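Reader: I would like to learn how to read the strands, helices and core of a model such as this one. Could we go through them in turn?

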Amino acid sequence: MIGTGFMGRVHSRAAEVAGGRVVGVVGSSLERAEAARPDLRAEKAFPTVTDLLDAVDVDVVHVCTPNDLHAEMTHAAIAAGAHVVCEKPLSTDAETAGAMAAAADAAGVVAGVPFVYRFHPMVREARERVRRGEIGTVVLAHGSYLQDWMLLPSDDNWRVDAERGGPTRAFGDIGSHWCDLLEFVTGDRITKVSAQSSTIHPSRGSTLEGPVDTEDAVVLQFATHAGAIGSAVISQVSAGRKNRLLLEVSGTAGTFSFDQENPELLWYGGRERSSVLVRDPDTLTPEAARFARVPAGHPQGYQDCFDHFVADTYAAIDDGTVPDGLPTFADGARAARIADAVVTSAAKQVWIDVVP
Ligand code: NAI
Ligand code: SOE
């Protein structure tokens, strides 16, 4: 486990649930790795990734560090013959992300990227019902991903610095999830984007000297390969919104709406009737029921998504077949290409084609 912050902890728990042993942990220093070791239930702390890979024969490396370190750590893991889970965004630019995907392919390792909202049962339910044609041809999609943890000028994080997080913060960090979910649920592809971005605080806290070089919010318009159009508002400065990912997809016969903060439910809207579907393993499609771990009325959530993502990744490692819907480096590289197009569009104020 590389990284001992929010994600290091979430991944460690998921690894354990999937039957893994966390044989080693690396942090920003040996002291920090040692301090976090009990909480991550890791067997040993190491000063660097190289030390860990030299000392232990690991099956899979989880890269849970700031974004600028993902590529280096991933390549080290692949060179050591390990499978990899690397956090999103895979890298700070599309070219590097593409090279990471190519390296994983060439080495024949399983390489997962945690677009974990795919693992909410009601997201799978929406995807399956869209596939079955229940809302007809998808023509329109909209939504948002809103947070407020960067609302104040005193709010600060390594993500603020483009060198560490990449040239797009709000979009790269959370807009990437939204676009992945849209493409996952619809099976369609965003082909072009028109974006506006806004940095409401030109300077922040102490991470950076000089002006902030990443955006707080993005407003996105897009068109898809199949001819749908849509929009999304992505923001880390929306007061009161904590982690509100809303995705609404409308077809010629109906609409599905999913809210990540209310993940037990999926709204269906039709001309004649509307209803709310509940996460009940007895009534879900088999594709969704697979991820419904407990009976209806016993809420599942964020950590469950990670548990299922890691379990599916480890299953792919164990039996060599990739489970349906597992987000891989190919998806991570695609997200990076969309992010590149968004950055260019916002800078030039024109529509930009997404590299397929
Ligand atoms: P964090 O700031 O909580 O933790 C980052 C950790 O990186 C630090 O605790 C430290 O242990 C480690 N680190 C820093 N420099 C290092 C170095 N040189 N060597 C080894 N370790 C080092 O960040 P957080 O929220 O855990 O994010 C980590 C990654 O996970 C980011 O890429 C982020 O985008 C992604 N993420 C993904 C989520 C998802 O839902 N898939 C949710 C949250 C974050
Ligand atoms: C912070 O914006 C963050 O932790 C992201 O990095 C995650 O990807 C998202 O799932 C939740 O918010």
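Reader: In which sense, parallel or antiparallel, do β8 and β9 pair, and over how many bridges?

Author: Strands of a sheet pair through backbone hydrogen bonds, either parallel or antiparallel. Here β8 and β9 pair in the antiparallel sense over seven bridges, where two strands count as paired if DSSP finds at least two bridges between them, and where strands (E, at least two residues) and helices (H or I, at least four) are DSSP runs numbered from the N terminus. Leu-220 stands opposite Ala-232 in β9, and the two strands form a hairpin with four residues between them, in whose turn Gly-227 has a positive phi of about 100°. As for conventions, this is a predicted model, in which local features need pLDDT of at least 70, side-chain atom pairs count only at pLDDT 80 or more, and totals for chains, interfaces and linings use all residues. Residues are numbered from 1 along each chain as its sequence is written, while chains are lettered from A and ligands numbered from 1 in the order in which they are written.

Reader: With which strand does β6 pair in the parallel sense?

Author: Strand β6 (residues 138-146) pairs in that sense with β9 (residues 229-235), over seven bridges, and Ala-141 stands opposite Gly-230 in β9.

Reader: What is the strand order of the open sheet, and which strands stand at its edges?

Author: The nine strands run in the order β13-β12-β11-β10-β6-β9-β8-β7-β14, with mixed pairing. β13 (274-278) and β14 (352-353) stand at the edges, each with a single partner strand, so one side of each is left without a neighbour in the sheet. For β13, the pairing with β12 (residues 265-269) is antiparallel over five bridges, with Trp-267 opposite Val-276.

Reader: Which residues have the most contacts inside the largest nonpolar core?

Author: A nonpolar core is a set of buried Ala, Val, Leu, Ile, Met, Phe, Trp, Tyr and Cys residues joined through C-beta atoms within 7 Å; a residue is buried if 20 or more other C-beta atoms, placed from the backbone, lie within 10 Å of its own, exposed if 12 or fewer, and partly exposed in between. The largest core has 100 residues, and those with the most contacts inside it include Trp-178, Val-218 and Val-342. Helix α11 gives the most to this core, with 10 residues.

Reader: Is helix α6 largely enclosed or largely open?

Author: Nine of the 11 residues of α6 (residues 121-131) are buried, so this helix is largely enclosed by the rest of the structure. Among the buried residues are Arg-124, Glu-125 and Arg-127. Just after α6, Gly-133 takes a positive phi of about 85°.
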